[in-house]
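Subject: Structure for your review

Dear colleague,

Please find the structure below, together with its sequence.

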Amino acid sequence: METSPFVRIVVFVIHHKILPMSSIPETMTAVVVRQPGGIEALSYETDYPVPALADGQVLIRNEFAGLNFIDTYYRSGLYKQDPPFISGQEGAGRVVAVSSSVTDFSVGDQVLYMKLGAYCEYTAVPASDVVKLPSGISMEKALACMVQGLTAHYLVTDATVGLIQPGDWCLIYSVGSGTCQWAAQMAKLKGYKVIGTTSATKTAPSCCDEVIVLDTVEGKTYSDFSSKDIVQKVMEITNSQGVKLILDGVGKSTSDISVQCLSRRGIWISFGNASGPVPPFSLLKLTPKSAFCTRPKLSDYVATREELDRRVGEVFEWVKDGHLDVRIDHVFPLVEAQKAHAYLESGQSQGKILFQI
Ligand SMILES: NC(=O)c1ccc[n+]([C@@H]2O[C@H](COP(=O)([O-])OP(=O)(O)OC[C@H]3O[C@@H](n4cnc5c(N)ncnc54)[C@H](OP(=O)(O)O)[C@@H]3O)[C@@H](O)[C@H]2O)c1
């Protein structure tokens with residue numbers, strides 16, 4: 001027997017647990033990369049299809065998306081992704097539809113997630129990757145704690161593989177900017193002594209035990225790492241022992257300095273490319289200190305639901321208790337995506353950059 005369109009709509013709504021009052025459009029606003037390149041590769045489009053809801057997913061009406069350096073790497077083609085794709089790795093908003101197999105989320109829940117395709121109005125996300133917004137934290141602050149906060153968390157905890165202990169020195173570059181601002185505070189919470197570097201244009205968190213202030217590259221707002229003898233300073237501070245841990249998101253400009261600043265059996269965690277990728281180097285450079293080097297990524301440190309919940313839980317508790325100061329640097333409208341990427345790449349930001357959608 002033929003069913004009427006009305007019955008088919010009711011069945012669809014019930015099956016997918018869609019908010020009855022919400023009208024989910026067929027198309028939406030999105031920032032799309034159709035061809036990798038410079039900031040002009042970010043195309044602001046108003047008629048991009050709203051994603052279909054697959055089994056196990058929730059559909060989220062994004063209110064904010066986070067901006068991360070990795071977005072610029074996918075945009076430029078340094079990291080590969082088949083175009084066209086919607087830019088962005090993290091978002092926050094309200095659930096507007098839930099697939100029938102999902103039991104732990106409801107329409108109306110305020111949520112956060114990390115998944116490619118966040119610079120847009122609607123994102124379909126596997127429920128297993130979605131986190132509920134805890135009470136007592138604003139959506140903006142909670143979102144700021146996702147990619148950068150969770151990265152800082154795994155860097156100062158599990159990625160160190162026990163090679164640094166409370167009371168030991170660590171060196172963290174660019175403590176006035178995003179990830180490393182959280183990392184410096186978390187390192188102190190773990191009991192490490194922190195040497196931070198920052199360019200003169202930024203402010204290091206007050207928790208740092210020692211700060212090395214660097215001049216900026218001419219005409220830029222980020223550090224000239226040759227403007228001070230960082231190795232000598234680190235050796236002075238640590239009685240010529242070097243540091244047990246280095247958190248290095250700068251990459252190309254700091255890799256040689258990092259190897260020289262390590263203590264015996266210290267670990268250099270190279271986690272980013274803000275100045276460009278680390279050039280190839282001989283492993284023999286690690287021999288004099290029997291040093292360790294790792295090049296980790298966040299997804300391997302939130303690989304299970306249990307691990308994601310544990311990390312998110314600890315970071316949110318620190319924020320709620322006032323142990324972690326999370327700075328929002330700038331909130332751009334989505335239509336200014338190109339301007340926001342230029343701002344991030346200029347190295348000016350002193351905290352989290354967000355889009356309001
Ligand atoms: N592996 C992972 O799991 C993971 C996760 C998150 C981020 N990352 C990576 O970590 C790096 C830093 O990310 P972030 O979120 O902390 O970025 P951010 O907040 O924008 O900070 C980057 C900082 O790097 C310094 N810098 C040095 N040379 C620079 C240059 N040539 N251009 C721009 N900045 C330069 C600047 O600080 P100063 O002014 O003090 O010099 C700048 O503020 C990125 O490469 C990112 O992709 C990796």
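Which residue in S14 is the bridge partner of Ile267? The model is a predicted one, and in it the partner is Phe292. Strand S13 (residues 262-270) and S14 pair in the parallel sense, over three bridges.

These two strands belong to an open sheet of six strands, arranged in the order S11-S10-S9-S12-S13-S14 with parallel pairing. At its edges are strand S11 (210-214) and strand S14 (292-294), each of which pairs on one side only. From one strand to the next, the twist averages 15 degrees. Helix H5 (residues 230-237) packs on this sheet and touches S11 and S13, among other strands. The direction of H5 makes about 165 degrees with that of S11.

Helix H2 (residues 69-76) packs with helix H8 (residues 337-345) at an angle of about 115 degrees, and their axes are 10 Å apart. H2 is therefore roughly perpendicular to H8. The crossing of H2 past H8 is left-handed. From H2, Phe69, Asp71, Thr72 and Arg75 meet His341, Leu344 and Glu345 of H8. Sorted by class, this contact has two nonpolar, two polar and three charged residues.

Finally, please look at Gly56, which lies in the loop between strand S2 (42-49) and strand S3 (57-67). Gly56 counts as partly exposed because its relative accessibility is 25%. Leaving aside residues up to four places away in sequence, Gly56 touches Ser99, Ser101, Val102, Val125, Pro126 and Ala127.

Yours sincerely

Note on methods
Residues numbered from 1 in each chain as written. Predicted model: local features only at pLDDT ≥ 70, side-chain atom pairs only at ≥ 80, totals over all residues. Heavy atoms only, no water. Axes fitted to C-alpha atoms, helices over the stretch in contact; angles between N-to-C directions. Helix = DSSP H or I, 4+ residues; strand = E, 2+ residues; numbered from the N terminus. Parallel < 35°, antiparallel > 145°, perpendicular 65-115°, else oblique. Left-handed = near helix turned anticlockwise from the far one by under 90°. Contact = heavy atoms within 4.5 Å. Nonpolar A, V, L, I, M, F, W, Y, C, P; charged D, E, K, R; others polar. Buried < 20%, exposed > 50% of the residue type's maximum accessible area, 1.4 Å probe, protein only. Pairing = 2+ DSSP bridges.
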